[in-house]
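Here is a note for a colleague who is opening this structure for the first time. Please read the points below with the model in view.

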Amino acid sequence: MSTAEVIAGILWLALTAYAVLAGADFGGGVWDLFASGPRANEQRGAVAEAMGPVWEANHVWLIFMITGLFTVALALYIPFTIAMVGIVLRGASFAFRAHGADAVGPTSPWGVIFGVASVVTPFFLGTAAAAVASGSIHAPGGRLASGYLDGWTTPLAIVIGLFALSICAYLAATYLMVENEDRPDLLADFRRRAIAAALVSGALALLAVAISFFDGSRLLESLTGRGLPLFVLALLNGPLALWAVWRSRPRIARVAVVGQVVLVAWAWAIGQWPYLVPPDLTISATAAPEATLTGMLAVVTIGGLLLLPSLWLLFRVFKARNPQARA
Amino acid sequence: MDNVTLARATMGTSLGFHIVFAVLGVGMPLLMSAAEGLSLWRHDEAWMVLARRWSKAFGILFAVGAVSGTVLSFELGLLWPRFMAFSGGIFGLPFSAEGFAFFLEAIFLGLYLYGWNRLTPIQHWLTSIPIAISGAASSVFVVMANAWMNTPAGFRLGPDGKLAQVDPLAAALNPSTATEDPHMLVSAYVVTGFVVAAVYAAGLLRGRNDIFHRRGLAAGMVMAAVAIVLAGITGDSSARFIYEAQPAKFAAMEGIYQTQRGAPIHLGGIPSDSQHRVLYAIEIPKALSFLATFNPNAEVRGLDTFPAADRPNPVLVHLSFDGMVGLGLFIGFVAAMFWFLALRRRFVPTGRLLLLGLVAAGPASVIAMEAGWFVTEFGRQPWIVYGVMRTSEAATSAPALGPTFAIFIAIYAGLAITTGRLLLMLAARTRGAAL
């Protein structure tokens with residue numbers, strides 16, 4: 001493996017971590033928006049407790065992916081800008097709600113903004129991912145040849161965007177089930193939501209595969225090529241996760257759904273290896289010079305050695321609960 | 001408006017907004033750590049109360065700084081893809097390092113803000129130290145990237161104009177880093193010190209003369225006074241470096257059109273491109289040559305010697321530079337007055353005129369800092385990488401930049417208003433409660 005591929009692998013690990021952690025946050029925002037029934041306020045409270053604001057900092061990895069891939073940044077300017085607006089508003093409204101509860105309650109403008117942003121960002125990031133995965137971004141010789149609406153406005157992209165949103169909601173619902181194991185009424189609420197999210201995301205995933213089959217885009221090629229083993233595992237894991245939710249085994253469900261996200265992300269990545277942006281940009285062609293990559297590895301190693309123990313400390317002190325909710 | 005102008009406007013607004021929160025993110029952790037440390041060392045409850053109050057306000061400020069910083073990172077790629085395509089591989093390391101520093105700061109801030117009841121007093125205070133260090137480190141790393149834009153180093157272009165060789169360490173430790181980094185870091189403490197002091201001075205003016213206001217004012221002024229002196233020193237070395245390394249920027253800063261020996265300083269005034277001189281300025285003969293080189297007859301290269309397309313806008317740059325220095329001298333004077341009176345009376349001075357000056361010094365320090373950034377950014381134009389890539393070649397050709405700009409103005413306005421309201425609410429609540 002070249003240095004470029006090692007770095008790409010590390011970046012993809014970081015993106016997977018982002019998808020799992022921040023994805024659950026976005027999903028939490030969905031359930032906040034759709035809190036309903038007699039326990040709506042308690043549902044919102046449970047969401048606030050389970051979210052981890054520190055993961056907002058994980059956006060830095062997303063940024064490296066975008067700044068490093070200028071053709072992607074150029075081609076997908078619109079969905080990334082919308083996602084960026086969502087991230088900003090989400091982060092700010094979260095902080096405002098946590099610190100100024102009286103002024104910015106759940107029905108206030110910032111509460112609505114929080115919910116809407118939590119829906120918008122995963123959707124548009126999903127459409128952007130679809131554009132890349134379907135091979136719609138053409139950049140022969142490194143110059144962008146496709147248009148600004150290409151790849152992320154297709155039916156496939158919309159389905160994948162909705163899939164991204166639903167899997168975030170699914171992630172969050174299973175997290176919330178685990179966090180509320182001691183409250184049977186809330187547990188039941190989130191179980192229902194998890195089941196709904198499971199069915200929706202499963203259906204959307206199959207729909208995406210079907211569309212890809214009919215429009216001949218790269219996605220199916222990737223998933224049935226190098227990505228096949230992981231794709232098969234994902235197909236098997238899906239029903240397992242749903243079973244765990246159905247039988248109210250929240251911890252198994254959470255592991256399974258996290259596993260689902262990991263499997264899907266890596267099936268995609270490995271499926272389109274050695275391309276970073278099919279059909280024209282390979283990992284080695286878009287990589288920074290060797291000296292920079294080596295430097296990057298050094299920075300990541302040193303940074304990781306500082307970061308991982310600190311994260312462990314944070315988890316230890318707060319037992320993985322959102323410290324802000326208990327303030 | 002064309003794409004380049006829109007990209008510049010959007011990026012500039014984002015930077016101008018973010019920097020206010022970023023400098024507080026560098027300076028406030030040091031204040032909080034010092035206050036808490038003093039409290040533990042002296043067994044003094046009042047310092048602890050101040051530390052707690054500051055940390056509550058800081059939680060909000062940090063979050064807004066964080067999201068505005070996220071926007072900037074996105075905008076680097078989205079608005080300037082050609083710039084990032086060329087430069088990313090060269091100066092990407094400081095950005096990555098900054099990412100880690102920020103993440104660490106966020107983690108320890110989480111421990112600090114919410115761990116009061118879960119950590120021992122000493123443990124809790126210890127978590128404040130990485131926050132202060134990471135904040136300063138973030139500033140150092142990020143400014144390395146900006147410094148590289150001023151004096152690009154650590155790469156070679158092949159005969160085809162493409163990157164042939166890269167030395168990322170040389171890029172990070174480029175010639176400007178040694179002057180730009182200390183000056184920006186110190187400026188963060190200048191702004192933090194004067195802004196904190198201004199808040200308490202305003203309270204004192206309203207008759208809230210309690211131990212918290214006096215100590216808060218004093219703490220801010222310790223940081224402010226030390227930092228403003230260092231800002232002057234680092235600013236001086238920066239200017240002297242720019243004289244050598246970026247002569248076009250230097251000429252624009254000072255409004256020097258014709259190359260001359262024994263160049264004067266133009267205090268104020270408006271450079272006139274049509275008349276090739278600075279109108280209405282107070283001239284101090286030979287002072288510029290002397291300040292730049294310690295030789296009153298040294299030659300200073302004029303703007304006219306650069307091709308018209310390579311000249312920065314002297315009106316913007318000169319007014320910004322003089323604005324920064326003028327306001328810097330003003331707040332330095334206020335700090336000097338404060339400490340002169342404080343040391344003479346051995347008590348925190350609370351005279352009305354001084355307090356008014358302190359209240360004014362808060363926003364003045366912010367404007368001075370923004371003016372400083374105007375100098376370095378507008379002074380580098382028309383280059384985005386000095387001497388290598390023009391700003392006009394670097395912007396995106398994507399559509400919808402107009403709506404993007406409009407949306408961001410709206411977002412920043414909303415963020416600023418809500419942040420202001422929340423901080424005022426927080427202040428009102430602390431006045432009502434014990435903590």
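1. A word on terms comes first: a residue is called buried under 20% relative accessible area, exposed over 50% and partly exposed in between, with a 1.4 Å probe and protein chains only. This is a predicted model, in which local features need pLDDT of at least 70 and side-chain atom pairs count only at pLDDT 80 or more, while totals for chains, interfaces and linings use all residues. Residues are numbered from 1 along each chain as its sequence is written, chains are lettered from A and ligands numbered from 1 in the order in which they are written, and side-chain values use heavy atoms, with hydrogens and water left out.

2. The aromatic residues of chain B give a place to begin. B:Phe290 is partly exposed, because its relative accessibility is 41%, and B:Phe294, at 54%, counts as exposed. Rings of Phe, Tyr and Trp (its six-membered ring) pair if their centres lie within 6.5 Å, and planes under 30 degrees apart count as stacked, over 60 as edge-to-face and the rest as tilted. The ring centres of B:Phe290 and B:Phe294 are 6.1 Å apart and their planes stand at 80°, so this pair is edge-to-face. Over all chains the count is 19 aromatic pairs. One aromatic cluster is made up of B:Phe83, B:Phe86, B:Phe91, B:Phe95, B:Trp148 and B:Phe155.

3. The interface of the two chains comes next. With contact taken as heavy atoms within 4.5 Å, chain A and chain B each bring 58 residues to it. Between them they bury about 5000 Å², of which 83% is on carbon and sulfur atoms; buried area here is the accessible area (1.4 Å probe) that two parts lose on being put together, summed over both. By class, the side of chain A that touches chain B has 41 nonpolar, 13 polar and four charged residues, where Ala, Val, Leu, Ile, Met, Phe, Trp, Tyr, Cys and Pro count as nonpolar, Asp, Glu, Lys and Arg as charged, and the others, Gly among them, as polar. Zero salt bridges are counted between chain A and chain B, a salt bridge being a side-chain nitrogen of Lys or Arg within 4 Å of a carboxyl oxygen of Asp or Glu.

4. Two residues of chain A complete the note. A:Thr174 is buried, because its relative accessibility is 0%, and it touches A:Val245, A:Ala253, A:Arg254 and A:Val257, leaving aside residues up to four places away in sequence. A:Ala40, at 15% relative accessibility, also counts as buried. A:Ala40 and A:Leu186 are 146 residues apart in sequence, with 9.6 Å from C-alpha to C-alpha.
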